[in-house]
Each structure stands twice: as structure tokens, then as C-alpha cells.
Amino acid sequence: MSIAVIGAGKWGQALQFALSKNVTCKITSRQRKSLENFVSLEEALACEYLVFALPAQVVRTWLDEHFQFLGQKILVAAKGIEKGSGAFLNEIFAAYIPEENLSFLSGPSFASEVMQGLPTAVVINSSNEGLAKEFASFFPSFMKTYTSNDVIGAEVCGAYKNVLAIASGICDGLKLGNNARASLIARGLVEMHRFGKYFGATDETFLGLSGAGDLFLTASSTLSRNYRVGFFLAEGKKLDAILEALGEVAEGVFTSEAIFELSSKHGIYTPIAHEIALILKGKNPKESVKDLLADS
Ligand SMILES: NC(=O)c1ccc[n+]([C@@H]2O[C@H](COP(=O)([O-])OP(=O)(O)OC[C@H]3O[C@@H](n4cnc5c(N)ncnc54)[C@H](O)[C@@H]3O)[C@@H](O)[C@H]2O)c1
Ligand SMILES: O=P(O)(O)OC[C@H](O)CO
């Protein structure tokens, strides 16, 4: 078997590190990097299994410009909803790859901890159970892999938790306390569930690794890029400067806009995500806190 990771950012490198414990895992990116088994894009695309670790917002353009379906089996490792279109990643990939060849990775998984070989549990989500189990079998013993067929639920959880992590960072940046952060995360889980159910997600996904697990992780740690964006926004730093200094993607910044658009279009009650979208457009975080506390 042959497998390659597309994208050599933090997550792509972490996934190659993990997968290389069990199999020879190639990696490629637009800029050549001095990584073991770094290969050309052509060589990567010729592999039987591909793991996509690109930022969600560039996926459609990347597929348009580079991808040719040769029967590859795909594991999408990105988390996000495309702004502008409001498209989920499974919808974007479905235009290029048959559903039975598609799977999606979710769950509480900081790249930096995977790179240390620390215990991690993830979920591989696909309508094709056999494919999910194939990819699950490639992961090393320190990464416990579960499988699920709730692709929509996993996608909503992975994307929405990033927006809630920004909210949690804002809460801590404003020094509102542990009570406030716990309430925010709990209400955020309810809101994420409401949003996911609208699009056909399954209830238990939100109580598992993809939902509560990834939300608790990301909303409670400075290891999260999204949490750090929120924290620095609360301190009055400008978003552009925060992202420049971060040097890595914070998907919640873009997914926030996508959720705002989808919720407005479909009439879904998502007050926390709504306020985060407004804050990212310049609203004072302290005003948002007042509005959320005053909200029914
Ligand atoms: N870092 C983590 O802990 C982690 C864990 C789970 C999931 N993810 C998800 O994985 C995805 C990637 O995150 P990351 O942490 O690797 O981000 P990153 O910022 O570390 O790396 C992103 C990589 O994508 C490349 N890239 C950006 N635009 C591109 C384009 N147009 N064409 C080709 N390559 C492009 C960049 O050069 C960079 O190497 C995100 O959706 C993220 O939410 C990250
Ligand atoms: O650093 P973040 O906020 O993008 O979170 C990384 C992973 O999604 C955690 O599961």
C-alpha cells in the first residue's frame, strides 16, 4: 500500500509522524521541506491513500488546480466550513471523489501532542465503514481510532468548536472567570448541537470525541490557535496583527463567517457564533458579553 499526506503544516507533519510508525508515509506541500519521505505532488497523488491536511478555506481551489481522481482513498483532516458558499468539506470533495472513497478525521488532537506521541483518540467518519476501518488500521497504538458514519456531525463539531474556542479565549482574555467559561462552553455545546441537527447530524456525535471532546480540548488550552485568537482580541489586539504573529491557520476566524451566513439563511439560533462573527468584524467583545448575558 502507498499513502501520502497532502500539506506539510503542523497537522500534516504530525499525521505523517504518526502514520510513519506503522507504514511508509510520504508527504508533499507547495514549498519543498526537508522532511523524511518528502515527495513531489505528482508522486503523492499517485498513492492509493491520501490524507488532506490543508486549511479548509483553500481546499476547493486546491482540488480545482491540482487534483485528478485516480481511484485514491481519501482521509480529510481539515476542520472548517467554507465561507461565502457555506459548503461543508464533504460537499466540496464530493465534486471530485465518490462518497465511498471519502472519510473525515475528527476528535481532540493537538498536532504538538501527537508529535510527542502522547495518547490521542480520534474518529474516522465515513459512509463507507470499510474505508474508515482501513484508515483506522494505519494509525499507531498511541492514537486510538474510532469509526463513525456521521460525517455531517463530525464536520460540524470540528468546525464549530473552533469558533467556540475563540469565544472561550475572549472570555479568559476579559478575565470573566472559570464560571463564565464553563457556562459558555456548555451553552456552546448546545448551540453546536442545534446547528448540527439542522443539517442532519446524529445526537451522540456531540457527546463524543468529535463534539464535547474536541470542544473541551480546544476551548480550554492556549495550545489552540483559535483560543489564542480570542484571548488576544479581548486584550484589544487587532485581528490582522494576531494572525500575522500566529503564523498558522485559525480556522474559526473563517468558519465563524460561514456559520453566521448559514444561520442567517436558515434561521438557526446561534447567538455565540453570531457574536463571534460580529467581534471579528470589529464589535467590542465587552458589548458582546453584555448582549449574550442579556440574551433570552
Ligand atoms: N494543528 C493542529 O493541532 C490540528 C489538529 C487537527 C486538525 N487541524 C486542521 O488541519 C488543517 C491544517 O491545519 P495546520 O495546523 O496544519 O495549519 P498550519 O497553518 O500549520 O499549516 C497549513 C499549511 O497549509 C499550507 N497552505 C496554505 N494555503 C495553501 C494553499 N493555497 N495551497 C497549498 N498549501 C497551502 C501552508 O503552507 C501550511 O504548510 C486545518 O483545517 C486545522 O483545523 C489542525
Ligand atoms: O489549534 P486549533 O484551535 O486549530 O485546534 C487544533 C485541533 O483542531 C484540536 O483538536
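Predicted model: local features only at pLDDT ≥ 70, side-chain atom pairs only at ≥ 80, totals over all residues.
One of its polar atoms lies 3.1 Å from the backbone oxygen of Gly107.

Next I looked up where Lys79 sits. I found Lys79 in the loop between strand S4 (73-76) and helix H4 (89-94). Is Lys79 buried or exposed? Its relative accessible area is 16%. Buried means under 20%, so Lys79 counts as buried.

I then listed the contacts of Lys79, leaving aside neighbours within four places in sequence. Among them are Ala56, Leu105, Ser106, Gly107, Lys161, Asp214 and Glu251.

I turned to the UniProt record, an unreviewed entry. Its "binding site" annotation covers Trp11, Arg30, Lys79, Ala111, Arg225, Val249 and Glu251. Of these residues, Lys79 is included in the lining of the largest cavity.

I searched the whole structure and found one cavity of 30 Å³ or more. The largest cavity has a volume of about 70 Å³. Which residues line it? I noted Ala78, Lys79, Gly80, Leu89, Phe104, Leu105, Ser106, Ala154, Glu155, Gly158 and Ala159. Six of the lining residues are nonpolar, three are polar and two are charged. Strand S5 (102-106) and helix H7 (151-173) each supply at least two lining residues. H7 gives the largest share, four residues.

Last, I checked Arg225, another residue in the "binding site" annotation from UniProt. Arg225 lies in helix H10 (residues 225-234). Its relative accessibility is 25%. Leaving aside neighbours within four places in sequence, I found Arg225 in contact with Leu246, Glu248, Val249 and Ala250.

Terms used: Residues numbered from 1 in each chain as written. Chains lettered and ligands numbered in written order. Heavy atoms only, no water. UniProt positions renumbered as here; feature names shortened; annotations may be inferred. 1 Å grid on protein atoms, 1.4 Å probe; cavity = no way out; pocket = protein on both sides within 12 Å on 5 of 7 lines; lining within 4 Å. Buried < 20%, exposed > 50% of the residue type's maximum accessible area, 1.4 Å probe, protein only. Contact = heavy atoms within 4.5 Å. Polar contact = N/O pair within 3.5 Å; in protein donor to acceptor, adjacent residues only side chain to side chain. Points joined across faces, edges and corners; volume = space filled by probe spheres on them. Nonpolar A, V, L, I, M, F, W, Y, C, P; charged D, E, K, R; others polar.
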